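Please open the model in a viewer and keep the selection panel at hand.

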2 protein chains.
Amino acid sequence: MREYRNSILEAELSAGTGPLVGDPSVVGAVEAALREFFESRRDMVASVGGGYPETVTTLEQFVLRGGKRVRPAFAWTGWLGAGGDPAATEAHAVLRACAALELVQACALIHDDIIDSSRTRRGYPTVHVEFADRHGRNGWTGDAGQYGTNVAILLGDLALAWADDMVRESGLPHAAATRLAPVWSAMRTEVLGGQLLDIGDEARGAETVESAMRINRYKTAAYTIERPLHIGAALAGADSELIDAYRRFGADVGIAFQLRDDLLGVFGDPDVTGKPSGDDLREGKRTVLLAVALERADAESPDAAALLRRSIGTRLTETDVVTLRTVITDLGAVADVERRIDALTADGLDALDTSSATPAAKATLRQMADAATRRTS
Amino acid sequence: MREYRNSILEAELSAGTGPLVGDPSVVGAVEAALREFFESRRDMVASVGGGYPETVTTLEQFVLRGGKRVRPAFAWTGWLGAGGDPAATEAHAVLRACAALELVQACALIHDDIIDSSRTRRGYPTVHVEFADRHGRNGWTGDAGQYGTNVAILLGDLALAWADDMVRESGLPHAAATRLAPVWSAMRTEVLGGQLLDIGDEARGAETVESAMRINRYKTAAYTIERPLHIGAALAGADSELIDAYRRFGADVGIAFQLRDDLLGVFGDPDVTGKPSGDDLREGKRTVLLAVALERADAESPDAAALLRRSIGTRLTETDVVTLRTVITDLGAVADVERRIDALTADGLDALDTSSATPAAKATLRQMADAATRRTS
């Protein structure tokens with residue numbers, strides 16, 4: 001249903017030129033750490049027995065078969081940029097703690113796919129659909145859809161519990177683990193808050209710029225860039241100046257990334273984005289773009305406001321979409337959002353440039369900011 | 001729907017004479033620790049803003065307004081029994097870590113109530129029903145039931161994440177936290193395994209004694225008694241002999257508790273249990289009692305086997321229930337389960353008696369074992 005919105009949680013921050021965050025080998029190292037963690041759970045799961053090992057295998061496949069590992073890569077880049085030494089003895093523990101972000105993300109995706117009634121994820125059936133299908137294929141008792149949802153709720157819980165286990169067993173020095181704790185805690189509390197606000201605003205039909213920006217901040221920016229960078233900095237024992245710079249960069253560029261996503265959701269070329277044109281309009285996504293358009297329409301053009309309110313979130317023809325695009329553009333909403341993207345990106349880059357991050361990390365993060373905010377897909 | 005089964009997760013281990021596990025003041029202390037923890041999250045939640053603080057208040061009320069605090073009480077008793085000193089400086093940290101079990105339990109209950117489509121919990125609407133009702137009262141957009149479920153999924157996640165935060169911020173000495181970690185990890189992995197096996201067995205129509213016993217072990221015994229006692233022992237730095245004794249006691253008495261529950265679910269007096277007579281038969285609960293009856297019927301009486309299979313889990317009249325009770329009793333299944341309860345309780349008490357636990361802890365745990373396995377409600 002709202003497949004597109006999910007892609008934001010998944011945040012594919014590339015521009016067709018390969019991974020942009022840190023060394024591509026980070027992806028391989030993160031996946032090796034995740035594989036090693038699942039291996040470490042094998043005995044405990046086997047001791048429970050029954051069908052548990054098989055069910056857990058589905059979680060393992062879900063975690064290992066896709067994703068750009070964006071959050072671990074930001075955390076790792078944040079650590080390197082704060083002076084972390086990949087040749088140091090603690091580097092492997094840091095990598096494991098960064099990789100644990102993928103288990104938090106597994107829970108977020110599995111539960112979000114239930115919430116959004118999404119049917120596919122990374123080219124495969126979503127977890128709840130996979131288990132509903134298994135139920136159907138085997139002709140089991142009860143409602144297949146309910147069964148799939150129930151298994152997916154519990155497997156998401158397991159991923160979340162294991163994320164904590166993975167951090168705890170990462171082998172981090174005590175001082176680093178202590179510095180990490182409050183950031184790890186904030187990140188999870190914030191992303192769950194962002195998700196709760198999102199479904200709450202959707203239900204209430206909230207349409208202010210402020211509420212859309214708040215969701216962008218906590219559901220996307222803080223969770224995807226700001227806190228992962230902060231985690232890396234905390235693990236390296238960075239000073240508060242660098243942490244503040246990372247956080248400003250992460251919040252600003254993360255929101256700019258989301259605003260670019262909003263524009264692509266209405267104006268993107270389907271051949272490039274791989275998503276139907278005007279998808280966000282049909283889904284009634286409460287974006288900043290739409291909020292700005294409504295705010296301007298209310299002030300300047302009651303007809304445009306009425307048209308937007310009665311069209312958004314309904315079955316729209318291609319012609320309807322073209323009309324709505326013109327209305328949104330003519331209201332100045334596109335230019336407004338483009339200005340916000342530019343200002344946020346400039347602020348974020350400014351915070352980064354004047355920080356004490358290493359030149360290599362600055363280069364990586366600058367490249368990422370550019371790709372995230374200027375991309376066409 | 002399956003309200004009764006839920007009560008096992010909630011495990012009201014009392015016999016009408018007040019709390020039996022440890023000092024009644026433990027309940028008050030646990031609730032104070034939980035209140036203090038929620039207070040400590042206030043700023044972080046407020047900084048996200050929007051409707052987040054209000055939503056979190058519902059979680060706080062859910063956690064604080066009921067429950068016997070059975071798991072924290074077992075953990076605390078386990079700690080005392082292993083020589084923990086309530087006057088020691090670390091006692092408050094231990095209490096906080098024990099209280100965190102209630103946040104794991106909050107997640108388990110909130111998500112289990114979705115899974116079981118339960119409408120009430122502790123005399124109030126379940127969390128998903130509460131939010132669905134709010135949606136309806138406010139005339140919001142979209143499906144009220146789906147909204148309620150979605151909020152409850154995320155609030156359960158938050159409780160699970162916060163359980164870890166509460167342990168991490170409990171102030172435990174590093175050595176105690178290190179000893180706790182693997183037990184805490186095992187407990188969560190086991191209970192989620194038990195829940196997954198339960199819904200898997202229900203879907204597959206599993207009916208063996210072995211599979212029902214496995215669910216009793218991991219969903220009830222390990223989660224409610226065995227691991228909480230183990231957690232207390234680990235926090236106190238107990239030796240492996242005492243840990244083994246606690247675990248044997250917890251697993252045996254925990255399963256015996258569940259078997260007693262199974263008998264009450266079929267033979268309990270509605271005036272005493274407060275639940276409709278023969279509830280488990282109508283719900284088709286896959287208990288050890290039923291598995292034993294089916295095993296015996298398959299060996300001795302094909303007619304009884306056929307009757308059981310076509311009746312269980314259907315709309316049964318009072319007369320049907322009386323007939324099924326007679327069949328189950330005549331097959332010798334009740335006597336079989338009573339023998340299992342006796343043997344498990346004896347084994348558990350034997351492990352406890354010969355252990356190095358303090359006399360006070362032994363007395364408390366013995367009293368609890370008696371109440372849990374001989375109760376009538």
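The stops below go from one chain to the contact between two chains.

This is a predicted model, in which local features need pLDDT of at least 70, side-chain atom pairs count only at pLDDT 80 or more, and totals for chains, interfaces and linings use all residues. Residues are numbered from 1 along each chain as its sequence is written, chains are lettered from A and ligands numbered from 1 in the order in which they are written, and side-chain values use heavy atoms, with hydrogens and water left out.

**Chain A**

Select chain A first. Its secondary structure comes to 18 helices and two strands; helices (H or I, at least four residues) and strands (E, at least two) are DSSP runs, numbered from the N terminus. The radius of gyration of chain A, 21 Å, is close to the 21 Å given by the globule rule for 377 residues, so the chain is as compact as a globular protein of that length. That radius is taken over C-alpha atoms, and the rule is 2.2 Å times the number of residues to the power 0.38. Along its principal axes, the C-alpha trace of chain A spans about 65 × 60 × 35 Å.

**A bridge within chain A**

Next, select Arg227(A) and Glu190(A), whose side chains meet in a salt bridge (2.6 Å, N to O). Here a salt bridge is a side-chain nitrogen of Lys or Arg within 4 Å of a carboxyl oxygen of Asp or Glu. The pair links distant parts of the chain, 37 residues apart: Arg227(A) lies in helix α10 (residues 209–236) and Glu190(A) in helix α9 (residues 174–204).

**The contact between the chains**

Now show chain B together with chain A. The contact (heavy atoms within 4.5 Å) takes 53 residues from each of chain B and chain A. Between them the chains bury about 4,600 Å², 68% of it on carbon and sulfur atoms; buried area is the accessible area (1.4 Å probe) lost on being put together, summed over both parts. In chain B, select Val48(B), Leu154(B) and Leu196(B), which lose the most area to chain A, together 14% of what that side buries.

Four salt bridges are counted between chain B and chain A. To view one of them, select Asp165(A) and Arg188(B), whose side chains meet at 2.2 Å, N to O. Then colour α9(B), which gives the most to the side of chain B that touches chain A, with 18 residues.

Notes: Buried area = accessible area lost by both parts, 1.4 Å probe.
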